[in-house]
Structures are given as structure tokens and as C-alpha cells.
There are 4 protein chains.
Amino acid sequence: MIVVLRPEAEPAGVERALVERGLWVRRLRGASQTQLEVAPHSAAVDPREIASIAGVADVLSVELGLPRVTGLPARLTLRGQAIARGQAPWVIAGPCSVESEAHIHRLAEWLAGRGVRWLRGGAFKPRTSPYAFAGHGTEALAWLADAGRAHGLGIVTEAMSPEQAELVAAHADVLQIGSRNMQNFPLLRAAGATRKPVLLKRGLASTVEEWLLAAEHCLAHGAEAVVFCERGIRSFDPSTRNLVDLGAVALLAHVHELVVVVDPSHGAGRRDLIAPLSRAALAAGAAGVMLEVHDAPGHALSDGSQALPPSLAAPLLLELLGPEAAA
Amino acid sequence: MIVVLRPEAEPAGVERALVERGLWVRRLRGASQTQLEVAPHSAAVDPREIASIAGVADVLSVELGLPRVTGLPARLTLRGQAIARGQAPWVIAGPCSVESEAHIHRLAEWLAGRGVRWLRGGAFKPRTSPYAFAGHGTEALAWLADAGRAHGLGIVTEAMSPEQAELVAAHADVLQIGSRNMQNFPLLRAAGATRKPVLLKRGLASTVEEWLLAAEHCLAHGAEAVVFCERGIRSFDPSTRNLVDLGAVALLAHVHELVVVVDPSHGAGRRDLIAPLSRAALAAGAAGVMLEVHDAPGHALSDGSQALPPSLAAPLLLELLGPEAAA
Amino acid sequence: MIVVLRPEAEPAGVERALVERGLWVRRLRGASQTQLEVAPHSAAVDPREIASIAGVADVLSVELGLPRVTGLPARLTLRGQAIARGQAPWVIAGPCSVESEAHIHRLAEWLAGRGVRWLRGGAFKPRTSPYAFAGHGTEALAWLADAGRAHGLGIVTEAMSPEQAELVAAHADVLQIGSRNMQNFPLLRAAGATRKPVLLKRGLASTVEEWLLAAEHCLAHGAEAVVFCERGIRSFDPSTRNLVDLGAVALLAHVHELVVVVDPSHGAGRRDLIAPLSRAALAAGAAGVMLEVHDAPGHALSDGSQALPPSLAAPLLLELLGPEAAA
Amino acid sequence: MIVVLRPEAEPAGVERALVERGLWVRRLRGASQTQLEVAPHSAAVDPREIASIAGVADVLSVELGLPRVTGLPARLTLRGQAIARGQAPWVIAGPCSVESEAHIHRLAEWLAGRGVRWLRGGAFKPRTSPYAFAGHGTEALAWLADAGRAHGLGIVTEAMSPEQAELVAAHADVLQIGSRNMQNFPLLRAAGATRKPVLLKRGLASTVEEWLLAAEHCLAHGAEAVVFCERGIRSFDPSTRNLVDLGAVALLAHVHELVVVVDPSHGAGRRDLIAPLSRAALAAGAAGVMLEVHDAPGHALSDGSQALPPSLAAPLLLELLGPEAAA
């Protein structure tokens, strides 16, 4: 953002007024004039308020091109549930992969019994190695949807390619786009075209601006809504699997007033940090959390190491959902 | 960590038992044997528990050399106040720089009236440019200490070089080491030698392991205690000034059981994110927060853009400290 | 890598022998034994050499699962041209986007006249904003292939989704996978299935190990060869668009003995650094460079700011290809 | 940088003219005017040239406050040797630590015999662990200086604290500031006050702008010159110890026209990449390289794993210095 000064203005005075409002300012000098540059990490202030400061001639900013993201509501209603910052947390739980029909039914039942209303599980799994288990595919989608129906749970699951989008949308209430695909534009378009709400995971090294623009791709092609999901970015520190950026969560929730959830399972990759990071996510402004839960993590077909077993999931779900949620 | 298998053990079975406990495992193969490598982002599990798994011959790990950090208590008592995860939050507040005798007294009075018991303020300021205001120095130390005494506040302030350490320690209850100095080893030694508790800010690109080792430097030279302060690490995203790593906070608080605080003012650099990040910090396991507060941020001599003015500080302090804390 | 010691071995002696060979070593201790951990940033040494050190019982390592990448030759022949470290540089040049039939013919002619034998240009363009120009699509592919044929140039161009792969392969000699799609696994599979050589750009925050595994996806599904393309990773420093990691280039070229090229246009994003970074890339072991060239960058439909105009491209091509290459 | 348009100017035309010159441009819009923002990763163009474009009213930029850095020459003469981009490479070689009087003499003799004219070696060593060898201190300084004198070598060695600066300067031709101390401002001031040339290593997560400002600290306090040393920044990829940023080297050498050297030993941490990265560094514009060499790396007191043994150092020195340099 650039603050243009009136010819007669005293720059230092305007600078003080901007700093007073939480803006980071540097002076720009040219041959004939001085203006003020406002850094992007400044507090959000209405440009009209800035324009009203004595000495300010105009306030200029880059048009990011986010007409549809800007129009998103701060509160969604999905399957009758209000999803927003400050509401009862939206808890999406389930295994990393849908492993078998019996297994997903068993887990769905267990989760429903603890008050969970949304089920996650991968039918198509992105895997770093071509030789790893990549999901049971179409069949698993049907098992998942059926388990959700049987236990009254909404379904969140991932589509990995444009041609899968319709199929996945036919079985899911919310279409998930994975972190590695945040800028897979053909997929974003196809996901949007299904008209389902999209849960858009942040890329491993994506800026907030790129994340918003990725959502705009979905919305421009028809998505009903986009929920942002922070799942950890890449870091230099091996002590956690990824680095959960709760500043970005607070920014989306409080400044952009968007619906954002956090996936602490992938974020930390450590079972022993999931409870405190879930609490922190909600405190930062997240509308909910996405949790990996498995009844026997040692036998999970993928990512069992970060899944919560029932003994750890039960008290966390009780804390998040309250005793009245459980059946 | 390495898990050595007994000759007759079936690796897959031991792997399942490790994954069951939240460990990330890869198989290591040699000419004559197979062992299991456990990634550092695994959940912390007592090696004795691992050793008791059928098929495990031994559990090997690197000795980090942290005898004194390992011995630190999870709870400190400073000026009669219990400082620990889960206790009433330790709130340290004040201006970025100590600007004048009158100013620091005025702020100290205002803060004390809202229940704050700890005052921060810089006498010696690290500044990126050699031509920027670098603090009022020795004189400011005395003003700060005097303001603390007058209003019953403990003092946290920074020493920037070994020869300042004694002087700063004479005026401070807690000696702060800044982020840029986290691996300034002569300073860590000098700070330790004062025998004061040290508040050790994390370096901009420091791993948790390096942070713990920096604390070991202080402790090995005599520091009474070390409090860890997460203040944001460097990121690629310009939308916040730094990136607050609450996963590291949760790790220190819940796994290492150390006392850690968060500085959301430097962490986000954005006044509009300080309240949610303060809540998130405490939810993640921080024992407290360090807040920049200024009665007229537009006139601050440094970092006014991230300081909370009274209108924003008052409700946050009320939320953090409770109505009974205020005078 | 883990070095298992014989029971009677003296660890310090083995450590010295390992350090002598350029390995970074930490001691692992358990209840009954000591082993040595070798860090991944160690020099590559044949495990058999390590096993032959006195006191070493076995050398264990993780099987990365790269059978096909490991089998790739250090030298490719494409369109009769030897492509390898140390050979005459493989120069791929052209515009960011294929803008019109006339335009790509004009550029192809100009490049061919300066000795370039490979033409790049995007028909399908990944764009951060949904409202930006995204390429002329199928039509542009035909223009590009035709321009290549007319001027004797090989074609390198990008496919963005699985269903485009066959079509793109029908027009291209080498199929490009863009940075944002490095872990778009359905696309990697489809690209492999075309049996064309794949030019695989490194993801913005991908490790070398992930990059190799992405290549394995292509190879496992049929790709004839994979060429690795370093195009800059994400960094905290705004003074270059991305950060060119020539250490990774040296690692691939000298240790893994793979064919790697560098795209300094995207890497730096700065026209004024393209010549020195091209030289540095080749010096680090790259087999070639990929350059954006445009006859009128101000009118380019995308990324004109980083394209070299003829006045700058001509001397660089002369330097890279030698005077004898020009027509 | 901001380009102010004349009221009658057509923004698109000016944008084209800026892109034509290699600038990245975004349009800034306000209530009454439009201006153009130029990104920092744009090619460097003289503001007067931009001001001369039709439609441009003024060109504004932030004054970084680098009067002394800006005045530094592109070529230094140290001990009679021209040090600059494009000159015979400035090779500084030696052990990580000065280990004993006999040892440093032996190495100095060996290096001098291969044409090296500058000796490095640490008397005071920053170490991550407080229990690691931290250098032989004052005594080692004398050994180092004596070895340099005996063999006609200039000395580069590190000072770690302000009170060491004078002492180190008394023994060194060039005073080194380590990476962890790049923003240790009291040290920068003390180093400057010795009036010696300073070799300033880049911090692990420092921007180029911060690096230049750190140099300004030295110069403002009296340093005769500053040489910039890129030694790798922190990365997420464990396959190299650090990530050598040769884009930053090219930027300093070609755009800022400063003297920059590269330390590939710390940069890669891998002995097997030091030769290609040395070549790449010089190709990118470095005036020289700093190499760790040890006659018996397995017995080195620190960082032996990255030191070149004579068998590898000899051919690299021959390549860098030419056969005529050797005695």
C-alpha cells in the first residue's frame, strides 16, 4: 500500500499517524515528491480511514483480484451445522486412508458415538513413493460414503485429478484438495465445477496471497464455498514433521474473516502435540480441526504414526465437543 | 533413535509396535542385519518402553549433551509468582525501548493498574541500521529499574554484549538474550555468569535442538534458570513479520516440560493478530506472553507499529489476567 | 546411514576413519551397545569401503526405493545431441508462452540462427490468478511444433493435467512437468505413460529425495528418461524471485550422476543475473540451461520481466554455444 | 520502487516500457490516481532511465541508508593482491581450528607450496554445544600469525566478541565475523573500530539487505573495507549442510559491484561438492573462495568432515590457482 502525501504535508506527521494505527512505514523519495510505503505485515486498516488523515492525498493498493474470496461469508452452514470462528468446533476425524469397508464402518461408529459429525478418509492417496499404497480408489469412496450415511456423518475426502472430481463429489459433502495440489489449476477448476464446498489445504511453501488466489480459482469455476485448511508448512527443523502457521490462521480468521480449519495431525506429525495444537488452533481463530484417528495405528496402511488411537482421541474429542455431544 | 532388533525378530512386527506408539519408522538394511530408524518428529516415548517390545534388542540414541537443560524444572517461581504451563499467565509488558524517565514511569503505572507484574523495555537495542536509535543505554536501565521498583514490577531487559551483562543484571530480575544473539556464545556465557534467570529468545532460523543447546551454554556458566521465548522465525510470507512456531512451543512445554513464553508482538508484527496469538500461545502450552505496549505508538522511538495502544492493551490484559488482577 | 561397530571396536577410532572420508558422525548409545549415525549431508562413500574399516561390523542404510532413477544414465542422447555434464551445454530457449503462430516462428528462426537447437514455450500455463492469461492451449501446441520443425528445433513444453499428457507428447520431444506439479502424481503417471523423456522441475519446497522419488513415479510408468530441472526454491529474501540451489545441482550431477539442467530465468527472476547464473549452473555440473527469450519482453503475455531480449540473449548464446554454433 | 505516472499517462504503456527493461510491475490504484509498484526482484535499472520514459512523473525509492557500502570499490588490493570479480581467484585456505603450533606451521607450508597466499584458522570457535572444543584462544592467534609470517601468507581469522576485536586485529590481515554474529552489533562496531578489512559472513537467515546493513555498521565505525562471504543459508533439505545462495553472490558481485567470496566448505558441508561449488561460485561472480583444508581430517578438532585432505585439495588448488602459482 502506498500513501500519497499532499504537497504541503509534513511526512513525519503522517508517518506518526500511520504507525499509531499499526502500520509499518518507509519513506519513498523521488526527485520531486515523497510518499509512504506501508509494509504488507501491517495491521489491516480501512483505506478510507487512512485517506482521512490530514496530509494524505490518496491511498493506493494493488488489486489482488479476489472478488469471490472477498465475498465469502465468515460463517458457513454445512449439514445444518454452523461453521465459524467462535462456534462449537467443527471436528472432522477419521483415518488417513479408507482401509476396508468393515474398518471405516467401525471407525465411523466409534467417532459418531463420541459426538463427531464429520468423517474424513482417503480413497485416493498422494504418496511420495510410487511403490507405496495409494488408496483403494473408487471402491473406497463408496465404503466411506456408506459409513457416513450409516452413522449420520458428513464426508470430507480428497480428489487428486480433474477426472476424479465429479466422482468424488458424488460421494462427498466437502471436496478436499491436498497440499501438493494447491496450485494444480486444472484440479481446482474441476473441483469448482462440481459446485461442492472445497476444503483447500495450504501448499507446503505457499503464501497466504497464493492460497487466497487458489481459492479464487475454485470459486470462479463454481465452488459453493471454500474452507481453508492449514496443515503445516515446510521448515528447517526436524523436530516436527511440518510447521503449523497459526499466524496465518489468525490472519484468515480475524482479518480476512474467512473460515479456516487446522490439521494438527499433518501439521506436527507428532501424536503428542495434537491436543495442544488443536486448542491453539481454535484459540487462534480456527473454526475447527481435522484429526487423524485410527483404532489400531500400528496396522494403518498410511501415516499411522500421527493417528490418534482411541485412548488419546476420546479425551480430546470430549474436550473439543463437550460431554453432551457424545451419544 | 535406532531400534536394534534381535536376530530372530520379525521387523514388520516391531515396526507395527513402534507406529502404534506414534513413532515414524524406516527400515535400515545392511549385509547381515536389519534395524529400525525412528525419525526425530516422532512422539516422545520412554526408551525403556521401546526396549520392552518383543524383538527389540536395544534402543540407541544420540546424547545431545543437555544435562542442565534436562534438569530444569517445569515450574519456576520468580518474585513469588508461579510460572508454568497451566498457571495464571506470566504477562511481561512494556515499550520496545525505554524512552525517557517520565515515560517509563507513566507506562509502568498504567500497566501495574491493570494487574501486570512484569515490565519490559530496552535500554540497549539491536538495530538493523547503524543510523537508527539504539537505546538510551545505561541511563535507561536505571530509569527502568526505578519504574519497576516504584510500581512493584519485575524487570526483564536485554543485554547485547558480554561486558553489559553484569550491568544489566544489576537492574533486571530476568536477563533477556535477543533473537540475533541466540548463538552469541560469549554473551550466553556472560549472561550465565550473572546467575540471573535468562529469557532466551529463539534465533530466527534456529532449530529447537540449537535453542536447547544455547540454554545449556547459559546454565553451564551459572544461570539460575532459562525461560525460552518464541518470537517468530523467518518465513517466505510477507503477510506477517515473522512466523510464530507454536508447534515448537507445544514441544518445549509438553514434551521437554520447560518454561516457554511467546512474544506475539515480534512474532506477528501485526497489532491485529496479537490477541488471538496470545490466546493460541497459552493454549499451546506457553507459561506466558511478552507484549509490547505503548501509550502513543506513533511517537515510539522503535517498533511502534507493533505496540498495543492502551485501547487494545486494556481488554487483552483484562482477558489474560482477569478482573481481579487490576488494582 | 548407521555404522554398526564390532563389540570389541573402539568407537573413536572408527569415527576418525569415517570423518577422514568426509562423513559427519554422531555416536548412538544404548544399554548394551554403541553405533555411529552418519548424517545425510555427508560425502557419498561406497558402503563397502566403510564396511572394510577395522571395527565395523555392518553398514545399514534406508532403501529409498529408486530402482529406476538409480539406473538412469549420466548421459542422454536426444535428437542426436549428447546431453551430459561436461558436454557442450544443452540450451533450451524460447518465450514463456506461445503467443501466436507468427511470433513463435519468428523467435524460432532467430534462436536457430544463433545455434540454439531446442525451443521452449508454454501452450498451457499455470497462473496464480484465475483471471490471468493461461495459454492458447491446443492450438499453440501445433504452432510450437510447427515452428520447431520449420527451424530444426527440438520441442520442450509443459503438460498440466493427466488428460493433456498424450496430446502434449504428440507435439513435444521432451515433456515438461512444472514446479507446482512436481508431486501431482496422476500427472507424473500420465507423463510416464507417454514414454517420452520428462523434464521434471523441482517443487518450490521439495527436498532432493522427494525430487528423485517424483522421477521414479515417471519412470515406473514408462518414461524413457527424466531430466531434472532446478528452477529456484522459495526463499525469505525478496531480492531474487526464487533461490537457485546449485548445491542440489552439484549433488545430482556429481554424486547421483544424473542429467540436470537449470532454469535461471525463473530461478532469479532477474534478467541481470541470468548470465552469471547460467555460467554458475554449468560450472556446478548442469548439462544445460533453459532460458526465457522474447523479442519484445514488454509485450510478452506472461513473465516478460524475466525474459532476455535479443540484445542480451545474443551475447549469452554466443558465450554458451560458441561462434561456430551460429548459422 | 514506485513509478508515479503523469495524470495523462496511459498505465499500460508505461508498464510495457518497464517490463521491457526487466522490471516486475503491479498496478496500484487509489481514489484519484494510479501508480506502478516495482518488485524488489526486478533487474536494476538507473532511476534516471525510468524517469525518462514517456508518462513517468517521478520515480520513488526507499533510501536504505547505505552511504558507506555504496561507496565501496569493486576491487580491493590486499597485501599487493588484486581482489575482484574476474581476477585470479582469492583463495583463503586452512583448517577449521588452529590446533597446535606445529600443525598450523605444517599446513601453512603445504598450502604455500601450492600457491595459496592466504591462511585461515580459528583461534576462537563458536560451538553449538558448550562442552565442545572452542579453540585454543589467544595462544592460537599467535601461532597462526607466526605461521603466516613464516610462509608469506596473509591471515583471516574470526573475532567472536567486542573485547577480542583488537587482539584479533593485531594478528590478522582480515578480521572475520562469523555467520551467527552477522547482527551482533557491538561486535560489528568493535570490528570496524580496528580499521582492518572485515570479512563478513552472511547470517543463516539474513536477507541481502540486512547483510549490506551489517556491513554498513562495520564501515560506519571505521572498517577499511568489507568483503562479503556467502557460506550457505538454512534450508529444509538435509542432503546438504546448508544451501549456498549463488544468486545472492551474483547480485552482490554484478549489481552492487561489491567484493564477495564463497565458503563452499560450510556451504555444502560435503567434501564431494566443494570443487563444483568453488567453480560455480567464481562463475557467479565471486572474487574468491574460502576452503577448509586439513592434512588429517579424521583427527581435526572441529569440522573435519568437511575439510579437504591434501589428496583432494591439491588438484582443486591447482585448478584454481594455476600451475604457475605453485612453488
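Start by showing chain C and chain A together: the count between them is two salt bridges (a side-chain nitrogen of Lys or Arg within 4 Å of a carboxyl oxygen of Asp or Glu). This is a predicted model, where local features need pLDDT of at least 70, side-chain atom pairs count only at pLDDT 80 or more, and totals for chains, interfaces and linings use all residues. Residues are numbered from 1 along each chain as its sequence is written, chains are lettered from A and ligands numbered from 1 in the order in which they are written, and side-chain values use heavy atoms, with hydrogens and water left out.

Now pick E210(A) and R234(C): their side chains form a salt bridge, at 2.7 Å from N to O.

Next, select the side of chain C that touches chain A. Its biggest contributor is α8(C), with five residues (helices are DSSP runs of H or I, at least four residues, numbered from the N terminus).

Zoom out to the whole contact (heavy atoms within 4.5 Å). Chain C gives 28 residues to it and chain A gives 28 residues. Highlight T128(C), Y131(C) and R234(C), which supply 22% of the area that chain C buries against chain A, more than any other three residues (buried area is the accessible area, with a 1.4 Å probe, that two parts lose on being put together, summed over both).

Which residue of chain C comes closest to the rotation axis? Select A205(C): its C-alpha lies 3.0 Å from that axis.

Terms used
Helices (H or I, at least four residues) and strands (E, at least two) are DSSP runs, numbered from the N terminus. Copies are superposed by least squares on the C-alpha atoms of residues with pLDDT of at least 70 in both.
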